[in-house]
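Subject: Structure for you to look at

Hello,

Here is the structure I promised to pass on. Please open it alongside this note, and my findings follow below.

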Number of protein chains: 2
Amino acid sequence: MHLDELTTPALLIDHAALERNLDTMAAAWPGLRLRPHVKAHKSTELARSQAAHGHRAFTAATVREVAGMAAAGLGDDLLLANEVVDLSGLTPVVESGARVTVAVDSDVIARAAAAAGIGEVLVDVNVGLPRCGCPPEDAGRLADLCRSLGLSVRGVMGYEGHLMSVTDPAERAPQTDECMDRLRIAHGLVGGDVISGGGTGTWRTNHYVTELQAGSYPLMDTAYVGLTDVPFEQSLTILATVISVSPGGWLVADAGLKALSLDHGNPSIVGAQVLYCSDEHVVFVMDDGVPTPAVGDRIRVLPSHVDPTCALHESFHVVDDAGAVLDEWPIDLRGW
Amino acid sequence: MHLDELTTPALLIDHAALERNLDTMAAAWPGLRLRPHVKAHKSTELARSQAAHGHRAFTAATVREVAGMAAAGLGDDLLLANEVVDLSGLTPVVESGARVTVAVDSDVIARAAAAAGIGEVLVDVNVGLPRCGCPPEDAGRLADLCRSLGLSVRGVMGYEGHLMSVTDPAERAPQTDECMDRLRIAHGLVGGDVISGGGTGTWRTNHYVTELQAGSYPLMDTAYVGLTDVPFEQSLTILATVISVSPGGWLVADAGLKALSLDHGNPSIVGAQVLYCSDEHVVFVMDDGVPTPAVGDRIRVLPSHVDPTCALHESFHVVDDAGAVLDEWPIDLRGW
């Protein structure tokens with residue numbers, strides 16, 4: 001099948017660009033040094049490509065992601081790097097033989113992990129992003145509580161998510177160090193072999209973690225454009241059809257709010273300026289000198305944020321440079 | 001089942017509030033005077049509730065919505081109120097006996113409708129929103145082209161979507177009239193019994209259309225709050241669990257960008273201020289004097305925009321005032 005035969009809007013993955021991204025990351029963070037985050041793509045087939053590049057431990061954000069990865073045979077070492085109060089859905093996953101570790105930042109979550117029969121935890125530490133994670137100075141107490149509940153404490157995690165968008169590496173590097181100083185304090189109180197954290201945006205500036213939780217690097221998005229030390233390519237695009245061309249000068253294509261997320265701003269179209277998106281539409285004007293497409297022509301829309309965009313679709317269509325559709329990968333880890 | 005047993009995040013519909021909304025609208029726009037838009041909720045079960053209130057004609061935005069409504073036995077009179085270039089998916093729907101009408105704003109779409117064996121069209125007219133729709137003065141030519149292709153032209157449609165957010169009815173009313181003046185010109189050139197348009201925001205200010213295409217009124221969202229002449233209640237909320245409470249003063253619940261859309265701004269939480277959302281998280285601070293929930297407590301999050309929020313979920317959970325889950329309605333019209 002050629003991509004021209006796909007119903008639009010459709011998520012496309014440029015297979016060659018994906019492979020280059022996977023190669024680049026695997027060279028810098030090989031094997032278990034990388035714990036790819038599946039929340040970005042929610043696809044066991046894409047995770048299988050990451051496993052083929054040597055990574056057998058994965059990060060997840062939901063119970064369904066952990067359960068789906070285990071069911072797909074990718075359960076060697078799964079980290080639920082998020083606080084979940086009801087962990088009962090993981091009991092059968094653990095019983096099936098998958099290795100499951102969960103993040104813990106409070107007594108409630110620690111007790112939930114023990115009650116669900118989960119054997120291993122990481123203490124989740126707040127390293128500067130105002131979100132989850134205990135204060136570094138509380139990490140030792142929490143680790144002791146976990147041990148008293150029969151949980152094995154593998155170490156610590158801390159995510160410097162607020163630094164992913166700091167464009168200048170010369171600023172981002174010392175800020176990453178400051179965050180990791182907080183994680184270092186916690187690790188000193190907790191112990192364990194695992195220091196997990198970081199992301200695609202700090203793949204070059206985080207020198208402390210034992211494993212990087214990068215999620216965006218296979219697909220990428222326009223929010224990461226401008227990070228000069230983050231060379232991964234935008235392998236993900238949305239194929240859209242021009243459905244209306246106005247004499248007023250604007251055009252409309254069929255990739256709107258149900259096909260992409262605006263939380264990081266409007267999507268981009270090469271050779272055009274996006275005016276706005278509505279439920280089923282992206283409205284844009286062509287740049288000067290760029291030929292205007294006709295109704296029925298197909299264009300590519302670049303999402304500004306991969307993760308919630310993927311969550312809106314049923315599958316990826318993997319295409320080659322000639323536009324042949326090589327494969328369809330279900331986005332099978334959606335939902336909760 | 002009680003809603004406390006649901007996995008979060010979960011979409012809840014307050015059944016009594018939904019019924020009040022349906023009653024209020026059906027009293028003002030009874031029977032075929034209303035053509036409810038299913039793009040807002042994408043659920044054939046919710047559409048069935050609308051049908052039970054007397055509305056047997058529906059509006060849709062995608063081929064899948066039209067096909068799904070027909071398959072659910074709700075195919076008396078389905079309008080695809082959006083330009084779609086590849087209409088071949090509707091051929092079997094028409095052959096199955098459903099009545100399907102499609103919007104047409106260009107020659108290409110007219111020919112696509114004829115090629116797909118669709119018998120009836122409305123000429124889609126631009127009434128001021130810079131999106132789809134032909135200029136009013138081109139509507140007659142386009143209708144003639146449609147007729148020459150063997151299509152029956154039922155009339156015109158025009159959507160004044162840019163007025164839905166004009167808060168003051170005293171401003172919105174004359175602006176609606178201006179838009180409808182454009183539709184009136186087009187209708188004079190096209191003819192036909194159907195003049196379709198309007199939405200929840202103009203349910204009181206649009207006095208011209210023969211049928212109102214309202215979609216948001218059953219569920220509503222915070223984007224409509226402040227329209228004093230739009231009394232529909234927010235029957236849709238997102239049930240979320242508090243997963244982390246920071247000594248820094250902020251709280252985190254598990255309804256993020258994959259559970260709600262930010263295109264109309266942050267969601268709301270009663271008694272709190274939302275700071276931001278990330279993929280799996282909403283981060284907020286409590287208002288002064290409001291008790292701080294604990295980890296594990298459940299809260300309600302009010303989405304700012306219903307349509308793309310529903311498109312992220314698999315189902316609605318219909319609940320009564322006591323929190324009993326009365327039913328689960330699949331959001332079965334998602335995708336394309």
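A:Pro9 sits in the segment before strand 1 (10-14) of chain A. Chain B has a cis bond at B:Thr8 to B:Pro9, where omega is near 0°. B:Pro9 lies in the segment before strand 1 (10-14) of chain B. For context, most peptide bonds are trans.

A word on confidence. This is a predicted model. Chain A averages a pLDDT of 97, and 100% of its residues score at least 70. The model has an ipTM of 0.97 and a pTM of 0.97.

One more backbone point. A:Lys42 has a phi near 55°, which is positive in a residue other than glycine. Look for A:Lys42 in the loop between helix 1 (15-28) and helix 2 (44-52) of chain A. Most residues other than glycine have a negative phi.

The sheets

Chain A holds an open sheet of 7 strands in the order 2-3-4-5-6-7-8, with parallel pairing. Strand 2 (57-60) and strand 8 (211-212) of chain A are its edges, and each pairs on one side only.

Strand 5 (residues 120-124) and strand 6 (residues 152-158) of chain B run parallel and are joined by 5 bridges. B:Glu120 is bridged to B:Ser152 in strand 6 of chain B.

A helix pair in chain A

Helix 6 (residues 139-148) and helix 7 (residues 169-190) of chain A have axes that come within 8 Å and cross at roughly 40°. The crossing of helix 6 of chain A with helix 7 of chain A is right-handed. From helix 6 of chain A come A:Ala139, A:Gly140 and A:Ala143; they meet A:Ala186, A:Leu189 and A:Val190 in helix 7 of chain A. The residues of this contact are 5 nonpolar, 1 polar and no charged.

Where the chains meet

How many residues does each chain bring to the contact? Chain B gives 46 residues and chain A gives 47 residues. On the chain B side, helix 5 (107-115), strand 9 (236-245), strand 12 (281-286) and helix 8 (306-310) each supply at least two residues. Strand 9 of chain B has the largest share, 3 residues. By class, this side of chain B has 21 nonpolar, 14 polar and 11 charged residues.

How are the copies arranged? A rotation of 180°, with 0.0 Å of shift along its axis, superposes chain B on chain A at an RMSD of 0.0 Å. The two copies are therefore related as by a two-fold rotation axis. In chain B, the C-alpha nearest the axis belongs to B:Leu312, 2.9 Å from it. Finally, 100% of the interface residues of chain B are also interface residues in chain A, so the copies meet through the same surface.

Best wishes

Key. Residues are numbered from 1 along each chain as its sequence is written. Chains are lettered from A and ligands numbered from 1 in the order in which they are written. This is a predicted model: local features need pLDDT of at least 70, side-chain atom pairs count only at pLDDT 80 or more; totals for chains, interfaces and linings use all residues. Two residues are in contact if their C-beta atoms, placed from the backbone, lie within 7 Å. Helices (H or I, at least four residues) and strands (E, at least two) are DSSP runs, numbered from the N terminus. Ala, Val, Leu, Ile, Met, Phe, Trp, Tyr, Cys and Pro count as nonpolar, Asp, Glu, Lys and Arg as charged, and the others, Gly among them, as polar. Copies are superposed by least squares on the C-alpha atoms of residues with pLDDT of at least 70 in both. Two strands pair if DSSP finds at least two bridges between them. pLDDT is the predictor's confidence in each residue, from 0 to 100. Axes are lines fitted to C-alpha atoms, for helices over the stretch in contact, and angles run from 0 to 180 degrees between N-to-C directions. A crossing is left-handed if the near helix is turned anticlockwise from the far one by less than a right angle, and right-handed if clockwise.
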